[in-house]
Amino acid sequence: MNEVRIRPACHEDLEGVLALAPRLAEGVAAWRDPEGATRAARQWLTGSLAAAEAQRGAVFVAVYGGDSQVVGVVSVQRQQHFTGAMDAYVGELAVHPRAVRTGVGRRLMAAAEDWARQQGLRHLTLETGAANTTARRFYAALGYLEEGVRLTRSLEPATSL
């Protein structure tokens, strides 16, 4: 396997980045529409690439050696925390199945952390699905702590007896 390179995303990476969108839909709550989650992920990735192009954030991709095939992506932007502090925020992290457990995710997160430090930011935050136990274990292993909990209740119409 070739050496993995992490570099800023460019316009030519669009197709490869969008191909990772289904990975972002994994671990979505069972009552959510998985196709809707994949569509949303494509929109998030497109928006992150546009923000990076406008220098409002950054997107980094992982590619093998001279190969241009994208095997991982991470996006990071500035975002104000509700306390008023400015944080860095990872919008998306996705790794191709063939690159899982090869260090690609760690290296992409390191690139996002380096970007945040260069921006003078003190915290890097992100969100993941509660059902995405693999991602939650990954982030915990990197030293991320859970800061908030989002709760949802289904409001399906009550059935009459």
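This is a predicted model: local features need pLDDT of at least 70, side-chain atom pairs count only at pLDDT 80 or more; totals for chains, interfaces and linings use all residues.
Residues are numbered from 1 along each chain as its sequence is written, and side-chain values use heavy atoms, leaving out hydrogens and water.

Let us look at the sheet. Helices (H or I, at least four residues) and strands (E, at least two) are DSSP runs, numbered from the N terminus. Five strands make an open sheet with the order 1-2-3-4-5 and mixed pairing; two strands pair if DSSP finds at least two bridges between them. Strand 1 (4–8) and strand 5 are at the edges with a single partner strand each, so one side of each has no neighbour in the sheet. From one strand to the next, the twist averages 25°.

Now follow strand 4 (residues 86–95). Strand 3 (residues 70–80) pairs with strand 4 in the antiparallel sense, over 9 bridges. Besides the pair we began with, Val-73 stands opposite Ala-94 in strand 4. Strand 3 and strand 4 form a hairpin with 5 residues between them, and Gly-84 in the turn has a positive phi of about 105°. Strand 4 also runs parallel to strand 5 (residues 124–126), joined by 3 bridges; here Val-90 stands opposite Leu-126. How many of the 10 residues of strand 4 are buried? The count is 8, so the strand is mostly covered; buried means under 20% relative accessible area, exposed over 50%, and partly exposed in between (1.4 Å probe, protein chains only).

Next come the helices. Helix 3 (residues 34–53) lies across strand 2 (57–64), strand 3 and strand 4, and runs at about 110° to strand 2. For such angles, axes are lines fitted to C-alpha atoms, for helices over the stretch in contact, and angles run from 0 to 180 degrees between N-to-C directions.

Helix 4 (residues 104–118) and helix 5 (residues 133–141) pack at an angle of about 60°, their axes 11 Å apart. That makes helix 4 oblique to helix 5: angles under 35 degrees count as roughly parallel, over 145 as roughly antiparallel, 65 to 115 as roughly perpendicular and the rest as oblique. Gly-105, Arg-106 and Met-109 of helix 4 make the contact with Phe-138, Tyr-139 and Ala-141 of helix 5, where contact means heavy atoms within 4.5 Å.

Finally, visit some loops. Asn-132 sits between strand 5 and helix 5 and is buried, with a relative accessible area of 18%. Leaving aside neighbours within four places in sequence, Asn-132 is in contact with Glu-26 and Gly-27. Asn-132 and Val-28 are 104 residues apart in sequence, yet 7.0 Å apart in space, C-alpha to C-alpha.

Most residues other than glycine have a negative phi. Gln-55, in the loop between helix 3 and strand 2, has a positive phi of about 60° although it is not a glycine. Gln-55 is exposed, with a relative accessible area of 73%. In the loop between strand 4 and helix 4, Arg-101 has a positive phi near 65°, and Arg-101 is exposed too, with a relative accessible area of 81%.
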